[in-house]
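Q: I've just opened this model and I'd like to learn how to read it. Can we go through a few features together?
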Amino acid sequence: MAAVRSGGFALDGARAEPQGNCGNQGVTVLYGDPAELDEACGALADIVAYFRGIGIEVTPRITLRFADRAIVRSAERASVHGYFDGQQAEITFYRKSQVRPWGLPWSSALADSFLRHELAHMAIWEAVRGGPVKLRPEWHEFIAYAVQLDLMDPQLRRYVLNANIDVRPSESLLEINEFTSRMDPDTFAVTAYKTYLAQGAGTFVSQLLRGEIVPPPFVYPFAVLPGQVPDR
């Protein structure tokens, strides 16, 4: 997709980074190569169209930066492909990754899918921010993975699903929890997508974001103190 570019530069220390906005006043893309701006704008358009298609209007507010290597802020982020910071309205996306999701080497198709994953987080955040609907972090991940696979290159998606043919949809929404989302992200992603399809695909996401379906609270098998339970 041809990107809508705004000519300009953002200063990053002594280095000026070209920037664009994909035709959205609330969007800033900091990129190195013009192809990256095209990729970002194409991914953003897909995410906005997806959520509009399920009746959720999203007004993008995000700064998206392409980075050469991890700017590690925590051990958890040391091996990710990118990350979304809702409080700062920022996405950092790495041009290359040492991680091999689903056992696959990093490729443009994988990069495109994970870029949509991070932008899906932005859309979810915008959809529920300041409203009555509260979704736990694992449900943010559930939706982001489901949308990622839904929008993934069909050939790549077939490979991922065929390589995980034994993974089944969750029989209970209680199976979507803090532990299953973190123990094996690759399996969780496939479980999320298959559960998403089994529950009605985009209709299910819309119901979650509107509070028409409320995931059951997860009961921890051990005592927890106030502040130890993640919440959004």
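Q: Which residues is His-117 in contact with, leaving aside its neighbours within four places in sequence?
A: This is a predicted model, so keep that in mind as we go. Once those close neighbours are set aside, His-117 touches Glu-141, Ala-144, Tyr-145 and Gln-148. His-117 itself sits in helix 2.

Q: Is His-117 buried or exposed?
A: The general idea is to look at relative accessible area, where under 20% means buried. His-117 has 3% relative accessibility, so it counts as buried.

Q: How do helix 2 and helix 3 cross?
A: Start with what a helix looks like. An α-helix has 3.6 residues a turn, so residues three or four places apart point the same way. Here, the axes of helix 2 (residues 108-128) and helix 3 (residues 137-151) come within 8 Å, crossing at roughly 135 degrees. The two helices are therefore oblique to each other, and their crossing is right-handed. On the helix 2 side, the contact includes Phe-114, His-117, Ala-120, His-121 and Ile-124; on the helix 3 side, Glu-141, Ala-144, Tyr-145 and Gln-148 are among the residues taking part. Sorted by class, this contact has 9 nonpolar, 5 polar and 2 charged residues.

Q: What span does helix 6 have, and what is expected?
A: You compare the reach from the first C-alpha to the last with the one expected at 1.5 Å a residue. Helix 6 (residues 185-198) has 14 residues and reaches 20 Å, close to the expected 20 Å.

Q: Which residues of helix 6 are buried, and what do they pack against?
A: The buried ones include Phe-188, Val-190, Tyr-193, Lys-194 and Tyr-196. The buried residues of helix 6 pack against helix 1 (34-53), helix 3, helix 4 (154-163), helix 5 (178-183) and helix 7 (202-210). Just after helix 6, Gly-200 has a positive phi of about 115 degrees.

Q: Which residues other than glycine have a positive phi?
A: Take two of them: Cys-22 has phi near 55 degrees, and Trp-102 also has phi near 55 degrees. Cys-22 belongs to the loop between strand 2 (15-20) and strand 3 (27-30), while Trp-102 belongs to the loop between strand 6 and helix 2. Cys-22 is buried, with a relative accessible area of 11%, and Trp-102 is buried at 9%.

Q: Where is Ser-107?
A: Look in the loop between strand 6 (90-94) and helix 2. With 31% relative accessibility, Ser-107 counts as partly exposed. Its C-alpha atom is 9.3 Å from that of Ser-97, 10 residues apart along the chain.

Terms used
Residues numbered from 1 in each chain as written. Predicted model: local features only at pLDDT ≥ 70, side-chain atom pairs only at ≥ 80, totals over all residues. Heavy atoms only, no water. Axes fitted to C-alpha atoms, helices over the stretch in contact; angles between N-to-C directions. Helix = DSSP H or I, 4+ residues; strand = E, 2+ residues; numbered from the N terminus. Parallel < 35°, antiparallel > 145°, perpendicular 65-115°, else oblique. Left-handed = near helix turned anticlockwise from the far one by under 90°. Contact = heavy atoms within 4.5 Å. Nonpolar A, V, L, I, M, F, W, Y, C, P; charged D, E, K, R; others polar. Expected span 1.5 Å × (residues − 1). Buried < 20%, exposed > 50% of the residue type's maximum accessible area, 1.4 Å probe, protein only.
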